[in-house]
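The sequence and the model come next.

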Amino acid sequence: MQYELRHQVIPAKRQTYQNVIDRLGDQPVSRYLEGTLDVQPREHFHYRPTWMPNRELYDERFSALRLTDSYRFTDPRQYYYTTYVAARAGLHDDFGKTLSYLEERDLLARLPAGWQALLSSIVVPLRHYESGAQLVSVAGARFAYGTSLEQCCSFAAFDRIGNAQMLSRVGIALGGGTRDELETAKRAWVDGAHLQPLRRLVEEIMVLDDWAESLLAIDLVDSLVYPLVYRGLDEHALLGGAVAYSLVAQHFSAWFADQRKWIDALVATWATDPEHATANRAALGHVLATWAGRAYSAVAALAAAVDNHLPMAETSAALAATAESRRSPWASLIGGAAS
Amino acid sequence: MNAALRPVSIDLQESEENRALIEAIEADNPEVTTRHLPGLIKLQAPGQIVINRESVEERLGHEWETGEFQLAIVSYTGNVSEWDDDQIIVKWEH
């Protein structure tokens, strides 16, 4: 008896879901697009929010920055649950390895005195800054219009918790496994003169009505704090015998590089929107005019405190250079509106 | 048939992870024809097929090393004439 082996191809009746077909035609696309395109409801909102009766439950008018089509913006990192979790699990695994390396060799306790003071009075208190930034991202996750934006904001909010957690773990390790450093950090955040301008700024940004303005204002602060505290001091740490600081700081620089990808892409999408470009550029210019100066002076107070502990690092001078070199990541995009 | 026209082909596993790779190949090789088999996609083009790291990364949204091509490929016809950090070229050389 003989068998003839043949394969038979059974073509799928549809390659993808209707939300994708409506936009891109019937073709297989990435999980990211399947779970993003047009997922947020747009109609059949039966009730308006009681606290703002002139808006729908999801309403693009929650921000001055608008997009003709929210899905013109997509996350360049293509994060959806699985990819996001995998990427961040990697980040925190790496961080955990760094920290256990530091703890095994007691490297944090052996840091030069200036660097220890920097960690306990400036870097660990920034966990509260991360917490403020988290609330801002959560507001974006709720009020942004379009899943592509909302999910970036949600992931950014979780990132902030993660960053705060990394800082807390450094604090706990620095305090020899106790919570003493965290309590010192909390006191520094609430009472320390060098942190008050930053705290005041973050709290004012937190209560803004426009989620996009908050997000961008926090980003202006990030664009100074991250290059300065993590990236900039990193080099001096290596030269000044504080390798432990450099090992910790690299993970925050890595996160910030990741964060930049979607915020820069979003700002570019806003600034080049076919319908709202002019209004968006004006709104971006307004954000820059309102918050860039304040971000600078808040971070300048922080930089002055860094200078007290580590005069060699010349952080205040570095801040001026950082602010000058990248006046704002989006200044060139909005052109004349930035004045 | 001369080497410029003789078809080369690459068989890849058709999966979520490989979709960006397949799209990059289709974009960089306009003459490529595809055939879907269960779980498998056959990409065929006259002369050569080029895979560029940058176009894969652009579609993937994160870094991709050309070595990862090993995880996607099932079979191929042709010679791998180049395989460096930025590019893989499959073509007939003889």
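Helix H2 (residues 53-60) of chain B lies across S4 and S7 of chain B and runs at about 55 degrees to S4(B). Helices (H or I, at least four residues) and strands (E, at least two) are DSSP runs, numbered from the N terminus. Angles run from 0 to 180 degrees between N-to-C directions, and axes are lines fitted to C-alpha atoms, for helices over the stretch in contact. Contact between two residues means that their C-beta atoms, placed from the backbone, lie within 7 Å.

The model is predicted; local features need pLDDT of at least 70 and side-chain atom pairs count only at pLDDT 80 or more, while totals for chains, interfaces and linings use all residues. Residues are numbered from 1 along each chain as its sequence is written, and chains are lettered from A and ligands numbered from 1 in the order in which they are written.

S4 and S7 belong to an open antiparallel sheet of 3 strands in chain B, ordered S4-S7-S6. Strands count as paired if DSSP finds at least two bridges between them. Strand S4 (48-52) and strand S6 (79-83) of chain B are at the edges with a single partner strand each, so one side of each has no neighbour in the sheet. From one strand to the next, the twist averages 15 degrees. Within S7(B), B:Lys91 is the bridge partner of B:Asn79.

Chain B also has an open antiparallel sheet of 4 strands, in the order S2-S3-S1-S5. Here strand S2 (33-37) and strand S5 (73-77) of chain B are the edge strands; each has a single partner, so one side of each is left without a neighbour. B:Asp11 has B:Ser75 in S5(B) as its bridge partner.

| Strand pair | Sense | Bridges |
|---|---|---|
| S1 (residues 7-13) of chain B and S5(B) | antiparallel | 4 bridges |
| S6(B) and S7 (residues 87-91) of chain B | antiparallel | 4 bridges |

The contact between the chains takes 8 residues from chain A and 8 residues from chain B. On the side of chain B that touches chain A, helix H1 (19-28) and S2 of chain B each supply at least two residues.

In chain A, helix H8 (residues 196-206) and helix H9 (residues 211-239) pack at about 160 degrees, their axes 9 Å apart. H8(A) is therefore roughly antiparallel to H9(A), a class that takes angles over 145 degrees. A:Leu201, A:Ile205 and A:Met206 of H8(A) meet A:Ser214, A:Ala217, A:Ile218 and A:Val221 of H9(A).

Definitions and conventions: Angles under 35 degrees count as roughly parallel, over 145 as roughly antiparallel, 65 to 115 as roughly perpendicular and the rest as oblique.
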